[in-house]
Amino acid sequence: MALFFTILQLIGLLLLASPIENPFEGEDEEDTVSLLPDSSRSSIGLKGMFFSSSFVFLFLTLFFSSCWVQITTGLYKAYGLQFISSDHFLSMVAAVSSIFNCGSRITWGWLADKSSYQKTMVMVSLMAAFLTWTLPLVKYSDSPILFLITICLLFTCVGGTYSLLPFVSSRLFGKEHFGVMYGLVQISLSMAGVISGLFGQYVLPYLG
């Protein structure tokens, strides 16, 4: 495994390059996301961005998305042990699903470029909701393969969630303010972690 990550690091180093000054130059205006007020970013400043509806929407989107992500990714192995006796198989599920998590980010990013953030995020959310609600039914099939497929598809949605939010944040707030604003958006991750922990501790025992 260490050798695998070393190879990936070397590939990443070979692909390093200077950033493009204006990656969105030449794009149609309608292709870019614009949920901020009509005022320019420079005129409204960081305070205006923080209190904008766009920031609130992104914050809530990441919060609710992170809730299901942390619950499912944190407890799927314990759930799988209810009808899968092989811990080796469950470890293999974790390894394969991580590949889907990584690879899907490229696919979701490409879809967002070709369509829009809103359409792509709706696809991710609907797919994640369907898989999350049907995951409890997988154990009744007593099929490890179906469990593997479901978890891999869920991790595909995880990749979509965490690739689309930086994408739209960069376009909304601009590269000058992206670091600060997306850092503030990520505060929702801590809040979602608390909610997910409480849910796993006090609610899941009653749900089974």
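How many residues does helix α5 have, and how far does it reach from its first C-alpha to its last? This is a predicted model, so please hear every value as computed from that prediction. Helix α5 runs over residues 117–134, which is 18 residues, and it reaches 26 Å. That is close to the 26 Å expected at 1.5 Å a residue.

Next, which residues of α5 are buried? They are Y117, T120, M121, V124, A128 and L131. Their directions cover an arc of only 105° around the axis, so they sit on the same side of α5. As for what covers the buried residues, the list includes α3 (53–80), α4 (87–114) and α7 (144–185).

That brings me to α7. How far apart are its end C-alpha atoms? For 42 residues, a straight helix would reach 62 Å at 1.5 Å a residue, but the ends of α7 are only 37 Å apart. There is a bend in α7 of about 120°, located at H177.

Is S169 buried or exposed? Its relative accessibility is 0%, so S169 counts as buried. Setting aside neighbours within four places in sequence, the contacts of S169 are L58, G174, F178 and Y182. Of the helices already mentioned, α3 spans 53–80, and L58 is the contact of S169 to look for there.

Now the loop between α6 (138–141) and α7, where D142 lies. Most residues other than glycine have a negative phi. With a relative accessibility of 52%, D142 counts as exposed.

Last, the cysteines. How many disulfides does a search of the whole structure find? The count is zero. Two cysteines to note are C67 and C152. C67 has 12% relative accessibility and therefore counts as buried. C152 is buried as well, with a relative accessible area of 4%.

I will take questions now.

Definitions and conventions:
Residues numbered from 1 in each chain as written. Predicted model: local features only at pLDDT ≥ 70, side-chain atom pairs only at ≥ 80, totals over all residues. Heavy atoms only, no water. Helix = DSSP H or I, 4+ residues; strand = E, 2+ residues; numbered from the N terminus. Expected span 1.5 Å × (residues − 1). Buried < 20%, exposed > 50% of the residue type's maximum accessible area, 1.4 Å probe, protein only. Arc of directions from axis to C-beta. Contact = heavy atoms within 4.5 Å. Disulfide = S-S within 2.5 Å. Bend = angle between axes of the 7 residues up to and from the residue.
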